[in-house]
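Please walk me through this structure in the viewer. Tell me what to select next and what is there.

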Amino acid sequence: MKSFLKTILTVLILIVGFGCTSKKEIKKETKVEMTAKDILGNSDYLAISYGGYREKSRELQPTITQLKEDLKLMHAMGIRIIRTYNVQPELPHAANILKAISQLKKEDASFNMYVMLGAWIDCLNAWTGLEPDHNIESPQNEGEIARAVALANQYPDIVKVIAVGNEAMVKWATSYYVQPSVILKWVNHLQNLKQKGELSKDLWITSSDDFSSWGGGDESYRVKDLEDLIKAVDYVSMHTYPYHYSHYAPDYWKIPENEQNLSDLEKIDNAMLRALEKSKELFNEVSNFVKSIDSTKTIHIGETGWATISSGHYGENGSRATDQYKQGLYYKHMRNWTNKQGISCFYFEAFDEQWKDANNPLGSENHFGLINLKGEAKYPIWDLVDKGVFKGLTRNGNPIIKTYKGDKEALMKDVLVPNTDYKH
């Protein structure tokens, strides 16, 4: 009898133990549903801007297979949220990215990627050859917002932010910019959909624009509609480009008197520290203005980057800002600063895209990527190649290797001291 009772007791212990273990395992396997609030400012969820275009025209759309190739590479780099720019019907790029992420998640339970989905906003007559009317919006905008809403509802587990417009309020965007009232109209529309339960309440709405458009520069931007927009968005997404300022606002780029006797490398290193400080300065200017309107609003960086080739303003005959060494320093400085401060930085960009300046292969707009069109990792991420994170991954069939064959001495031969002494 004792033997029988002992056997029963043993079986019961095993059942209870197995049940506890099963519960633990189930708990471990259950994924926590992340929201924009959890992701933005979280250094475990690195952000990047992504365009997968490989050819000289966007008419040649990347295939789902190519997009999955890119997504795996970005995932290996530690990227967990990517930014897209439009959902125009003739350019299904963003919709295909969402499809590709969805497939990858089904194929691999450990794959995780979220999206800040851009809806492109224009003024009347933008890109038509007619005179743009910056006070009236394009009739195309309504459809663009509707498509963004549909995709956010189709992929609620992936789309965590909708950005209304990209550099759509800054007045140097002469081809298409709109007044803040247009952005405000569509942000309010999306916030109303959230309130009515027609969009997820956790979906965050913003607009991604130049620092000046958010009140960080010229006071002419500081209008009532901008103040209302700041109150309406869930957070502010601002852009900062010391790379471009090396030509257009070069005071910070000029080597100061007390550094004239330094070595060339020291001059370059110090210039890149000043580039970081320039971004911090503009971030603080935006933050000060935004907080004066709504103290609860957070600010993240929707775009910043550094090109590696330029035949124009930023090359040898211009500011000499352009090379992989400087890109590497800027990338490292920006990641370190933003990660420590709890700021998301959608670094521009993951891959070179040659459609941006199709008639000028050496134009800087084609060369902001961390990986070039040959599938070579540029200097900022040479360390990731060394760590083997890209092992077994390819782009267009090419394994990811270092530019310059990993020869830093060869790379440094293309690195020039900053220059402001030229005709602007």
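A residue is called buried under 20% relative accessible area, exposed over 50% and partly exposed in between, with a 1.4 Å probe and protein chains only. By that cut-off, buried residues make up 53% of the 424 residues in the protein. This is a predicted model, in which local features need pLDDT of at least 70 and side-chain atom pairs count only at pLDDT 80 or more, while totals for chains, interfaces and linings use all residues. Residues are numbered from 1 along each chain as its sequence is written, and side-chain values use heavy atoms, leaving out hydrogens and water.

Start with the whole chain as a cartoon. The protein has 12 helices and 14 strands, which are DSSP runs numbered from the N terminus (helices H or I, at least four residues; strands E, at least two). Show the C-alpha trace: along its principal axes it spans about 100 × 55 × 45 Å.

Next, select residues 224-232, helix α7, and residues 264-293, helix α9. They pack at an angle of about 85 degrees, their axes 9 Å apart; axes are lines fitted to C-alpha atoms, for helices over the stretch in contact, and angles run from 0 to 180 degrees between N-to-C directions. That makes α7 roughly perpendicular to α9, a label for angles of 65 to 115 degrees.

Now show side chains. On α7, pick Leu226, Glu227, Ile230 and Lys231; on α9, pick Phe289, Val290 and Ile293. These residues make the contact, meaning heavy atoms within 4.5 Å.

Finally, return to the whole protein. Among contacts between residues at least 6 apart in sequence, 74% join residues at least 24 apart.

Note on methods: Angles under 35 degrees count as roughly parallel, over 145 as roughly antiparallel, 65 to 115 as roughly perpendicular and the rest as oblique.
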